[in-house]
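Student: I have a new model open and would like to talk it through with you. Could we take it topic by topic?

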Amino acid sequence: KAAQGFAPAPRTLMPTCRVACFSSGSWGTGVARMIGQSLLHLPQFEEELLMWVPKGQDVDSINSSRFDSVNLPGLRLPRNIVAVSDAHAAATGADILVFVVSREELEHLMGLLQGRTKPGATAVVMSKLLVSGSDKKQLLHFGSQLVSETLGMPAAVLMGGTLAVGVATGNFAEATLGCKDPQMTELLLQLFNKPNFSVRSVPAAESVELFAVLKSIISVAAGFCDGLGLGHNSKAAIVRLGSVELAKFAKRFYPEHDVIREALNEACGWTDIIASSYGDSRSRRCAEAFAKEPGKGWKQVAAECLRSGEPTGISVVRESISFVRNHHAEAEFPFISKVASIVFGDSAPDSLTDMAIPRVRSSKALKVAVLGSGNWGTAIAKIIARNTQSRAEFQKTVTMWVHEEIVDGQTLTSIINTRHENLKYLPGVELPHNLVAEPDVLNAVKGAHILVFVLPHQFLPQLLQNVKGAISPDAIGISLIKGYFEIDKQVASVRTGCQLIEQELDISCAVLNGANVANDVAHGNFAEATLGCADEQKAMVLWNLLNTSEFSVRTSPDVLGVELFGGFKNVVALAAGFSDGLGLPENTKAAVLRRGLLEMAALVQELFPSSLPGTQLESCGVADLLTTCYSGRNRLCAEAFAKDPSRSWEDIEAELLRGQKLQGPSTCVDVFSIIQMRGLQDKFPLFTAIHEAVTKKIMPEDVFNCVGLVRVLS
């Protein structure tokens with residue numbers, strides 16, 4: 001600025017605030033680097049930042065070279081950072097002490113600093129850890145409590161979806177600040193909040209810390225999924241089950257904190273869960289290696305995967321299961337209990353999905369017709385046909401309507417009925433012999449009591465016209481169609497596919513949505529789904545038809561909520577694909593998914609206020625979003641579009657989907673039309689920005705600028 005004729009901003013004559021950072025590892029150095037950069041431009045703070053590092057690190061080399069080549073190679077540290085190995089020297093005179101260290105280092109530092117810090121100082125704990133024992137209320141003992149009790153000072157926490165290298169290199173990430181004092185909250189937001197590091201505050205440190213710390217249990221389970229080679233369905237289901245159990249844990253042990261349950265929707269909740277479960281977090285990485293070779297043990301795995309110590313997730317599992325057992329609550333928390341059982345060698349890693357045990361119910365005999373034979377239609381038909389073989393209440397033969405086409409010189413129905421394989425849409429998967437392909441849709445629906453609709457959404461209206469009048473009056477429908485919406489532009493309302501089926505055929509219709517990638521389901525990998533059905537007796541019938549030990553179905557009376565989440569997630573998947581195509585890191589992608597989940601939930605409530613808020617925690621909500629954003633066709637095509645925005649969506653669909661249909665762009669247009677007609681663009685900035693990119697009004701990278709997920713080069 002001086003070279004351009006601008007004078008630097010003068011430092012204030014008012015007393016300034018001094019900051020010290022206690023750092024270890026790549027995240028510790030990354031935080032110190034970020035704070036140091038901020039201090040150069042904030043006159044209310046002293047410019048110098050003392051950065052404590054553990055003994056054994058070359059302090060002189062860091063100070064002379066301006067690089068921490070061990071923890072953060074290649075990234076220069078600001079000139080105002082001074083590395084020291086004397087903890088007392090770092091803390092002397094500091095008004096704000098930031099701790100980004102391991103549990104062992106934090107406990108060691110407390111012994112060194114007790115009684116030697118400045119009166120009136122405040123701590124900021126960024127280390128996600130539990131310490132041994134429990135507090136006076138017999139609750140978990142978090143790092144902030146150890147600091148506050150030992151040093152006699154208030155302790156705020158700052159935690160979120162923050163993988164170290166991504167943050168240090170200027171890629172977008174977000175975090176949640178938990179602080180009770182409004183004045184200190186304002187000061188800390190000035191210090192930490194940046195265009196590429198978005199910080200929101202809540203008034204309770206405990207709420208932030210609970211989710212940010214216990215999410216390590218989920219990342220360990222996610223690592224087991226990766227090490228076992230389970231598909232995206234299974235991993236999304238496991239992540240969802242863990243998230244639901246964390247929310248239940250908060251309600252059970254911290255009922256007085258309303259904000260603690262809201263924290264799941266903040267960066268310390270969903271963003272952190274997603275980033276640590278799908279990114280290269282230490283706990284996930286080590287758990288993946290352990291699942292591949294459990295005989296090695298955690299000590300050897302940590303030595304091979306990390307530079308030091310056991311991953312935080314293992315100590316969190318140890319403290320958490322001890323806490324749960326002390327409260328005799330193992331049966332209430334099967335997820336935590338199962339992960340602990342695997343971690344400590346009582347169960348094999350491949351027993352992870354055993355916690356989802358189907359219930360047995362009874363029903364009456366029914367004939368089933370599956371209307372659709374794409375990859376998802378064939379996969380669900382396989383499940384249904386196997387269930388009808390083993391349950392006396394269903395007729396054995398399941399009819400699957402096939403839109404006839406020629407494959408290798410034969411009709412597709414002939415191939416399915418003779419070779420028992422859908423050669424075009426689900427090759428390599430053997431189908432039950434009681435599954436019969438039928439090219440005539442009227443023959444397929446004749447006498448059927450259950451109609452399973454599972455075809456591309458754009459073909460639904462014509463199909464209903466074709467079968468109208470041929471449906472049994474006592475039939476029930478179930479829709480597996482995602483993304484069907486009819487927009488009434490006069491009143492800015494929506495009619496869903498399920499509602500259309502009910503109105504056109506005069507039957508009741510349920511809906512099934514969830515984290516279901518067809519190939520994974522067809523090959524027997526664990527997955528789960530949500531069955532939305534308002535009638536409990538009909539829900540029992542459909543549950544018996546669909547549920548298996550590998551395909552776990554949960555019921556909900558929120559039919560429209562289940563259906564809308566299944567459609568809206570295709571829009572968010574486009575943003576996930578843009579992120580992948582642009583090469584953005586997991587921090588940024590996780591932030592996009594959290595914001596997308598919240599906009600999905602808000603739009604469902606906007607359209608149908610009677611829908612249940614808890615539906616977002618079901619498989620049709622967060623689990624389906626994760627699966628679609630990491631493996632679905634909408635993500636895949638959006639990734640290709642981000643790499644070459646000059647291409648048309650039709651061209652990308654034809655190249656990548658082999659005859660399957662892309663739903664995201666058309667759903668995006670439908671969703672935005674509702675948002676626009678109701679004047680809600682400001683309430684749904686992500687959906688609005690995605691629509692602008694899909695329709696080529698902005699470039700894919702501009703989506704992230706529009707919602708504040710910018711990247712700052714440094």
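Predicted model: local features only at pLDDT ≥ 70, side-chain atom pairs only at ≥ 80, totals over all residues.

Student: Which tryptophan is in contact with Phe 224?

Tutor: Contact means heavy atoms within 4.5 Å. Leaving aside neighbours within four places in sequence, Phe 224 is in contact with Ala 287, Glu 288, Phe 290, Ala 291, Val 339, Ile 342, Val 343 and Leu 352, and also with Trp 298.

Student: What do the buried residues of H12 pack against?

Tutor: Helices (H or I, at least four residues) and strands (E, at least two) are DSSP runs, numbered from the N terminus. In helix H12 (residues 282–292), the buried residues are Ser 283, Arg 284, Cys 286, Ala 287, Glu 288, Phe 290 and Ala 291. Their packing partners are H8, H9, helix H11 (267–278), helix H13 (297–305), helix H14 (312–326) and helix H15 (334–343).

Student: Why is H9 described as largely enclosed by the rest of the structure?

Tutor: Helix H9 (residues 232–253) has 22 residues and reaches 31 Å from its first C-alpha to its last, close to the 32 Å expected at 1.5 Å a residue. The expected span is 1.5 Å times one less than the number of residues in the helix. H9 is largely enclosed because its buried residues number 17 of the 22.

Student: How far apart are the end C-alpha atoms of H16?

Tutor: H16 is mostly covered, with 13 of its 16 residues buried. Helix H16 (residues 375–390) should span 22 Å at 1.5 Å a residue, and this agrees with the separation of its end C-alpha atoms, 23 Å.

Student: What is the volume of the largest cavity?

Tutor: On a 1 Å grid over the protein atoms alone, a cavity is a set of points where a 1.4 Å probe fits but cannot get out, and lining residues have an atom within 4 Å of a point. Grid points are joined across faces, edges and corners, and a volume is the space filled by probe spheres set on the points. The structure holds one cavity of 30 Å³ or more. The largest cavity has a volume of about 40 Å³.

Student: Which residues line the largest cavity?

Tutor: The lining divides into three nonpolar, two polar and one charged residue. Here Ala, Val, Leu, Ile, Met, Phe, Trp, Tyr, Cys and Pro count as nonpolar, Asp, Glu, Lys and Arg as charged, and the others, Gly among them, as polar. The lining residues are Ile 481, Gly 483, Tyr 484, Phe 485, Gly 497 and Glu 563.

Student: Is His 420 buried or exposed?

Tutor: His 420 lies in the loop between helix H17 (412–419) and strand S15 (435–438). Although it is not a glycine, His 420 has a positive phi of about 55 degrees. Because its relative accessibility is 13%, His 420 counts as buried.

Student: How does Lys 696 count at 42% relative accessibility?

Tutor: Lys 696 sits in the loop between helix H29 (685–694) and helix H30 (700–706). Lys 696 is not a glycine, yet it has a positive phi of about 65 degrees. At 42% relative accessibility, Lys 696 counts as partly exposed.

Technical notes:
Residues numbered from 1 in each chain as written. Heavy atoms only, no water. 1 Å grid on protein atoms, 1.4 Å probe; cavity = no way out; pocket = protein on both sides within 12 Å on 5 of 7 lines; lining within 4 Å. Buried < 20%, exposed > 50% of the residue type's maximum accessible area, 1.4 Å probe, protein only.
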